[in-house]
Amino acid sequence: MKWDREVDVLVFGAGMGGMTAALIAALEGLDVLLCEKTDQVGGTTSTSAGTVWIPGSSQAVRDGVPDSIEDARRFLEAEIGPRAQTVREAFLAAGPAALDYLETRSEVKFRAPPRHPDYHSNQPGRALAGRALAPLPFDGRLLGKDFARVRPPIAPFMVLGGMMVGKDDIPILLKPFASVRAFAAAAKLLLRHASDRLRFSRGTRLVMGNALVARLYYSLTRRNVPVVFDATLVALVKGKERVEGAVVDIGDKRRTIRARRGVILATGGFGPSEKLRAEFMRDVPVAHSNAFIGASGDGFSAARAIGAAVDDRHTSPAFYFPSSLHKDTVYPHILLDRAKPGLIAVNNDGRRFVNESDSYHDFVEGMLRANAASPSVPAWLICDRSFIRDYGLGLVHPGAGRRTIERYVADGYLHRADTFAALAQQIGVDGANLAATVAQHNRYAATGVDEAFGKGGTEYNQFNGDPANTPNPCLRPIAEPPFFAVAVHPSTMGTCVGLSTDGDARVLDADGAAIEGLYACGNDMASLFRGVYVGPGITLGPALVFAYRAVMHLASNAAAEAGDARRRISA
Ligand SMILES: Cc1cc2nc3c(=O)[nH]c(=O)nc-3n(C[C@H](O)[C@H](O)[C@H](O)COP(=O)(O)OP(=O)(O)OC[C@H]3O[C@@H](n4cnc5c(N)ncnc54)[C@H](O)[C@@H]3O)c2cc1C
């Protein structure tokens with residue numbers, strides 16, 4: 001093979017998995033090259049909330065919400081049983097070390113919010129805080145002209161032409177006159193944004209996934225780690241013993257790059273690929289994806305082409321959001337509306353089928369289960385005018401005025417009527433059942449107990465409800481016409497099916513043997529949660545930890561060859 005270039009480590013995909021791997025490789029003194037298919041870093045990570053689920057961290061202790069690995073182990077046992085033991089233990093063992101490594105040696109830093117419950121908060125070993133960590137906000141101005149390389153979040157996650165809004169900012173911006181502090185905080189946010197817009201195409205105060213991506217990219221640029229844009233993995237090159245490198249299209253030139261130590265695949269799974277969805281999600285009526293369009297299965301397919309095994313033994317082949325559709329936007333209903341009081345979801349029969357305040361993934365699982373018995377895809381979120389005023393509905397922000405609502409009604413995103421019978425007729429739902437369902441829901445709202453599905457019954461439900469609403473933060477009557485409906489469809493946020501690996505993220509072949517020189521992390525690696533959505537941050541957490549483990553494995557091999565026994569994987 002004639003190689004155009006040689007490096008120690010060749011990484012594909014500049015999302016969470018790939019940027020973390022490239023950064024740690026550089027910090028370990030390895031000669032690394034990060035190839036990214038598009039002209040921006042970030043992939044799906046840039047549009048995400050940026051939460052990482054990593055039990056037992058020192059960050060949780062520091063922030064006053066300590067968590068224990070032993071509790072997390074019990075929780076995972078209850079949630080996913082005996083599956084994926086090797087990768088699970090590797091994840092638990094290395095998580096805290098990986099976080100500390102990044103915190104002390106780079107600009108990638110996290111905090112533990114005071115409350116962020118696991119999604120099945122009635123299970124043994126669950127955490128109400130300390131396991132889900134959020135990236136610290138980042139000042140995009142530090143990147144200078146490289147700020148333009150950070151993929152922005154989807155437009156509906158920004159306001160005022162490009163200002164990012166974190167969960168904590170929402171109450172301040174909605175009620176700036178509630179207190180002097182709220183007013184000062186809102187004014188600070190708006191002034192900063194106004195000044196940004198004089199110089200940048202969008203706001204530079206970055207939060208959530210965008211802050212995480214910018215922190216990773218800033219750390220890479222500060223260490224002069226080479227990132228090649230428009231560089232697409234075409235195929236892996238496998239010799240007799242190991243993966244030796246890859247064929248890469250850089251712009252319009254085909255190149256061969258040798259990887260002396262290893263290739264790390266982090267191209268984001270295959271959520272948007274209709275072909276791979278048809279193969280691995282055959283029986284699931286999921287036609288939409290929230291994942292970045294570029295994360296379309298390249299790494300996964302390249303590895304399969306050289307004999308990598310696929311792990312598809314998952315409770316669910318993908319993780320889901322319920323999403324409403326508007327023009328090109330697939331808008332995920334994550335936490336702002338479903339759990340709030342005064343909203344129900346119904347199927348074609350006009351009946352509820354799920355606890356609306358459960359996690360997005362569990363909501364969709366409920367939708368898919370109901371659909372097997374009676375058409376429930378799409379399902380309809382139903383509320384009244386006061387709900388939209390207080391909480392918003394999908395793309396319609398809280399407090400939206402008449403003109404905004406008219407616009408969404410006119411283009412068919414929102415349906416509106418003065419009676420449930422008229423609303424049901426518009427959306428093709430059984431009218432008598434819908435009226436009865438709402439009447440029953442309103443009785444539950446009066447007592448505070450949802451006898452049908454238990455809306456508001458868990459810590460997690462209540463976390464996303466409205467604490468000011470009593471007796472149940474997730475229940476209040478739907479009573480003030482006009483009434484509204486929006487359709488929600490199942491969509492993939494990330495794939496669980498992925499390449500089979502060992503605990504060091506080494507890709508395995510059909511016999512379960514490691515393919516030397518090939519690693520996978522992020523969604524290219526099969527999810528260790530086996531299709532059970534246990535808590536916030538369960539794709540980015542493992543992406544970080546297995547990027548760390550992959551590089552430490554490579555680095556310890558390199559060190560061993562160099563006779564340097566000092567370098568050891570810390571887990
Ligand atoms: C709205 C939303 C919110 C979310 N919030 C969270 C959250 O808070 N916590 C959480 O854990 N998960 C969250 N997720 C899911 C999470 O964002 C993804 O699972 C995660 O970003 C995947 O990371 P990755 O590194 O595998 O891939 P990505 O971040 O998608 O990066 C993959 C990169 O690979 C590049 N690429 C693709 N093919 C090639 C090729 N052939 N050659 C070179 N490069 C290539 C792509 O262009 C892309 O830049 C969320 C998802 C969405 C949509």
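A residue counts as buried under 20% relative accessible area, as exposed over 50% and as partly exposed in between, with a 1.4 Å probe and protein chains only. At 6% relative accessibility, Ser 386 therefore counts as buried. The structure is a predicted model, in which local features need pLDDT of at least 70 and side-chain atom pairs count only at pLDDT 80 or more, while totals for chains, interfaces and linings use all residues. Residues are numbered from 1 along each chain as its sequence is written, and side-chain values use heavy atoms, with hydrogens and water left out.

Ser 386 sits in helix H11 (residues 385-391); helices (H or I, at least four residues) and strands (E, at least two) are DSSP runs numbered from the N terminus. Not counting residues up to four places away in sequence, Ser 386 touches Arg 476 and Glu 480, where contact means heavy atoms within 4.5 Å. The side chains of Ser 386 and Arg 476 are joined by a polar contact of 3.1 Å. A polar contact is a pair of N or O atoms within 3.5 Å; within protein, one must be able to donate a hydrogen and the other to accept it, and residues adjacent in sequence count only if both atoms are side-chain atoms.

**Ligand site**

The ligand is surrounded by 38 residues, each with a heavy atom within 4 Å of it. The closest are Glu 36, Thr 45, Asp 298, Thr 539 and Leu 540.

| Residue | Polar atom | Distance |
|---|---|---|
| Leu 540 | backbone | 2.6 Å |
| Thr 539 | side chain | 2.7 Å |
| Gly 42 | backbone | 3.4 Å |

The protein covers 98% of the 1000 Å² of accessible area that the ligand has on its own; areas come from the Shrake-Rupley method with a 1.4 Å probe. Helix H1 (16-27) and strand S11 (231-238) are the elements that give two or more residues to the shell around the ligand, and S11 gives the most, with three residues.

**Nonpolar cores**

A nonpolar core is a set of buried Ala, Val, Leu, Ile, Met, Phe, Trp, Tyr and Cys residues joined through side-chain atoms within 4.5 Å. The largest has 121 residues, of which Leu 10, Leu 236, Ile 264, Leu 265 and Leu 518 touch the most other members. Helix H16 (residues 540-561) supplies the largest share of this core, 13 residues. A second, separate core of 32 residues includes Val 364, Ala 370, Leu 395 and Ile 405. Leaving aside neighbours within four places in sequence, Leu 518 is in contact with residues including Leu 236, Leu 265 and Arg 506.
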